[in-house]
Amino acid sequence: MSTPNIFRYATKELSQDAFICWLVACAAKATGPLHECGLAFVRALFRAGVADGIKGIPVLDPDGGMTSHEGPCDISDVGNPCTQYNRIDVYFQAKVDGKKVSFIIEDKVETEAHGDQLAKYLNAVIQDEHKEDLIKPIYFKTGYVFNNERDDVEENKYSLFEAEDLKKFLAGQQDAIRENQILCYYSEYLNEKIKTRAEAQAKWDLDHNHVQWEFMLKLHEALRAEAGEWQDFVPYGLSEEPEDEWRWKGLGRYKNRGGSAWTQYWFSQHLYWRLDAWRPLRLMISFENAGMNYDQDLEEIQEYRRLFDQALEKEGLHVGNFRRVRAMKECTIGSIDTVNLQGRNVGEFLNRVNRVHIRFLESISQI
């Protein structure tokens, strides 16, 4: 019987904070292969955001301006890592090629940064009375990293260190892994985590947020490939032309207060596709953007639904299960069953969805 892996139970961010701190501390206090592993980890963190073979390493000067560091990345004088310094998940200092560096690590497992966290933590270190030579802010995440997170990381001058980077680092630390059970367990846990995520993607298991996102990316690409993406479509009851840039345009992820997430793609000013766990792919309408009201314009809404179902029937796709209820801000026009999507050719499925999309838009343009 194999020994249970503690990291199958210690899966939260506080546990990951502790692992990061422990590995950094090994650079100062451990001996042998574990000491070398700790130094290599600090070096890998400093090189976060740099492809192999590239010399220039993105780092910030004491005022927060972006600069580039070139050198062998010799690590020394690694300080004691601490948690919640200025509310930063992990903070420590070390010398890289003789220059003192403040490391800011915002650590995530499956959640995302919120409330301007990244900017606040960086500003707190910049405003610290002890000005350091360099600052290295890092967004450390072992869960799936969504596109909006990548944009947020870049905008706030952080470097991304994700699961694949950590896996690559650990793959080069076999001597330390053989010597230390913590490293061995964490390496096994991380590999299993990445494998499970990849398997969910391969099966198109839409119960997973990252698979929903990947599916909607493919839908977005399929619709953009055709004239059916009517960005300038003027909805029923709206006389003025849409603004040049809409705050709702494009693909995005959203969460309610309960934490459940969904992905939706706005392809016009008032119509969008939505996908969430345990639900079908739904075509939605925003009453506010369309200048409509559910009660006053129920006849038009029902006509939209009839035309959608007609387009769906011609393509031989099935209606998905959902509740049609009186709504204040939005409602479902139609839905497409995704329950049996696993094992299908997703590209073929999305091509059929696209034909429904085009037929529907052609129909409502004649109302």
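S159 is buried, with a relative accessible area of 6% (buried means under 20% relative accessible area, exposed over 50%, partly exposed in between, with a 1.4 Å probe and protein chains only). The model is predicted: local features need pLDDT of at least 70, side-chain atom pairs count only at pLDDT 80 or more, and totals for chains, interfaces and linings use all residues. Numbering runs from 1 along each chain as its sequence is written, and side-chain values use heavy atoms, without hydrogens or water.

S159 sits in strand β7 (residues 159-162). A polar atom of its side chain lies 3.3 Å from the backbone oxygen of A48. Beyond neighbours within four places in sequence, S159 is in contact with residues including A48, G49, P58 and Y139 (contact means heavy atoms within 4.5 Å).

Now the whole chain. Eleven helices and twelve strands make up its secondary structure elements (DSSP runs numbered from the N terminus; helices are H or I, at least four residues, and strands are E, at least two). Of the 367 residues, 50% count as buried.

Five strands form an open sheet in the order β8-β9-β10-β11-β12, with antiparallel pairing (two strands pair if DSSP finds at least two bridges between them). The edges are β8 (250-255) and β12 (330-336); each has a single partner strand, so one side of each lacks a neighbour in the sheet. From one strand to the next, the twist averages 30°. Strand β11 (residues 281-286) pairs with β12 over six bridges. There, I285 stands opposite C331 in β12.

Helix α8 (residues 209-224) lies across β8, β9, β10 and β11, at about 5° to β9. Helix α10 (residues 298-315) lies across β10, β11 and β12, at about 15° to β12. Angles run from 0 to 180 degrees between N-to-C directions, and axes are lines fitted to C-alpha atoms, for helices over the stretch in contact.

Turn to charge. The structure holds 14 salt bridges (a side-chain nitrogen of Lys or Arg within 4 Å of a carboxyl oxygen of Asp or Glu). E149 bridges to K141, with the closest N and O atoms 2.9 Å apart. E149 is buried at 4% relative accessibility, and K141 is buried at 0%.

R197 and E164 form another salt bridge, at 3.4 Å. R197 lies in helix α7 (residues 181-203) and E164 in helix α5 (residues 163-171), so the pair ties together parts 33 residues apart in sequence. R197 is buried at 13%; E164 is partly exposed at 40%.

E315, R352, R355 and R359 are linked in a network of salt bridges.

Terms used: A polar contact is a pair of N or O atoms within 3.5 Å; within protein, one must be able to donate a hydrogen and the other to accept it, and residues adjacent in sequence count only if both atoms are side-chain atoms.
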